[in-house]
Amino acid sequence: MVSLTQPFFRQFQAVKKFLGGDIMRKTITKIIMFLFIVGIGMSGFSGSVHAEASTNEASAHQSVSISKERIYGNDRIETSLKISQSGWKNGSDIVVIAQGYGYADALCAGPLAKKYNAPIILSKQDGLSDETVSELKRLKASKAFVIGGKASLSDNVESELKNIGISNVERLEGATRYETSVKVAESLGNVDSIVVASGNGYADSLSIAPIASKKGIPILLSQKDSLPDVIENYIKKVNVSKSYVIGGTSAISDNIKSSLPNAQRIGGSTRFETNLAVLQSFKSDFNFSNIYLAEGNGTIGNEFADALSGSALAAKKSAPIVLVYNTIDTDTADFIKSNMSKDTVLTALGGTLVVPDTILNGIEDLFNGKTPDSGVGNPTTPITPVKPINPTSDKLHVSFVIDGYKGNIINETNLEAAKGESVYDLLKSTLDSNGIKFINKGSGAGNTGANV
């Protein structure tokens, strides 16, 4: 039913008076019919719009399940093998072998692996595990690059590679980690850009590794305040036109940056800010269909391994590696949310102890417009704080964390010494109880007990 407003009714009365009689009645009939038809049309159109809006609103609030995967093994070496199996299902003619418990020589291996479409497989210093041998046979590799000197990977590693049929073994080594990075860079051939990152930490190199690998840019390691001569000589020789300095001034000083050709700094005040700066700077080069998350910090200082072996897989898929530690940085999580889609696959590298499920779930919540309960926040805050030692106690408490090239050896916290027992005595008894032999290279009367 059509309702006439007061202004319209007054106009209607004026028309009635002017027209009068039959003409008026016919005209009124036509006006009413016209208004009736318009009223029905408007009513139907309005209903249609309302229904469509309701459908879209329901769709907008419908949660999307993001694909979440995890690639992991019992330790860092097995995780690297799982990454190899995931990314190189049909095998690989070439492999890159790097030390799994010392990052220095291995940080620059990503671009080399990408050049030859090869996986990075981590190893112990003194030899290949049975699982590693099985994976190398599955890959049917015919050539292996061994990264670093014999202190990183022994002669036994080379011998075992040859024993399983990989006769072409090329070791890329230098007297220092800086020289090793140059040896790897030289194996890439002609380049027009370089990356310079700290050789005293692993995080910044891992952040840039996927994109440097994709673009074929060598990663050169440097000290904070002075560019090693071997790096400087290489840069002059290749005549590069662009330099990327990764990390803040606490990692690589402005003095070094100013000495590099056409240098651009990509960094922040923390490793996580630097990681985000890399993602933002090369946003257009990344394919966010796959996003890899790896541990980028920790209490021991060798929590680099999963991101290192994962960098080859990330480069293969033009995907970013996001560094986390117990949580993912809020700004980084927002960036990921803004660039991912419902078809994005979030993949954690390593077990739940290094990349908790709460991080993946938190990113999914953000994507769906929800506030995460956990997993997103300050990644430098440990989830479980260390229990403080009672400062009023008169007893001796000691924590031992011993990490060697074979992995974690001892991780004992708040050990209490018996009366009269020294730190040396406690160390000796701890090693003995774990069946670990050791040699004290001290000499004279001061090599035992409280004097050590």
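Predicted model: local features only at pLDDT ≥ 70, side-chain atom pairs only at ≥ 80, totals over all residues.
Start with helix α6, which spans residues 155-163. Three of its residues are buried: V157, E158 and L161. Look down the axis of α6. The buried residues fall within an arc of 100°, so they line one face of the helix. What does that face pack against? After α6 comes G165. The phi of G165 is positive, near 100°.

Now turn to the charged side chains. The model holds 11 salt bridges. Three of them are followed here, including one between E364 and K68.

In the pair of E364 and K68, the closest N and O atoms are 2.6 Å apart. Where do the two residues sit? E364 belongs to helix α14 (residues 357-367), and K68 to strand β1 (residues 67-71). How accessible is each partner? K68 is partly exposed, at 34% relative accessibility.

E232 and K236 form a salt bridge, with 3.7 Å from N to O. Both residues lie in helix α9 (residues 229-238). They are four residues apart, so about one helical turn separates them. Is K236 buried or exposed? K236 has 61% relative accessibility; that is over 50%, so K236 counts as exposed. E232 is partly exposed, with a relative accessible area of 32%.

The last pair joins a strand to a helix. R265 and D254 meet through their side chains in a salt bridge, at 2.9 Å from N to O. R265 is in strand β9 (residues 263-266), while D254 is in helix α10 (residues 254-259). The two residues are 11 apart in the chain. Both partners fall between the cut-offs of 20% and 50%, so both count as partly exposed. The relative accessibility is 23% for R265, and the relative accessible area is 45% for D254.

Key:
Residues numbered from 1 in each chain as written. Heavy atoms only, no water. Buried < 20%, exposed > 50% of the residue type's maximum accessible area, 1.4 Å probe, protein only. Arc of directions from axis to C-beta. Salt bridge = Lys/Arg side-chain N within 4 Å of Asp/Glu carboxyl O.
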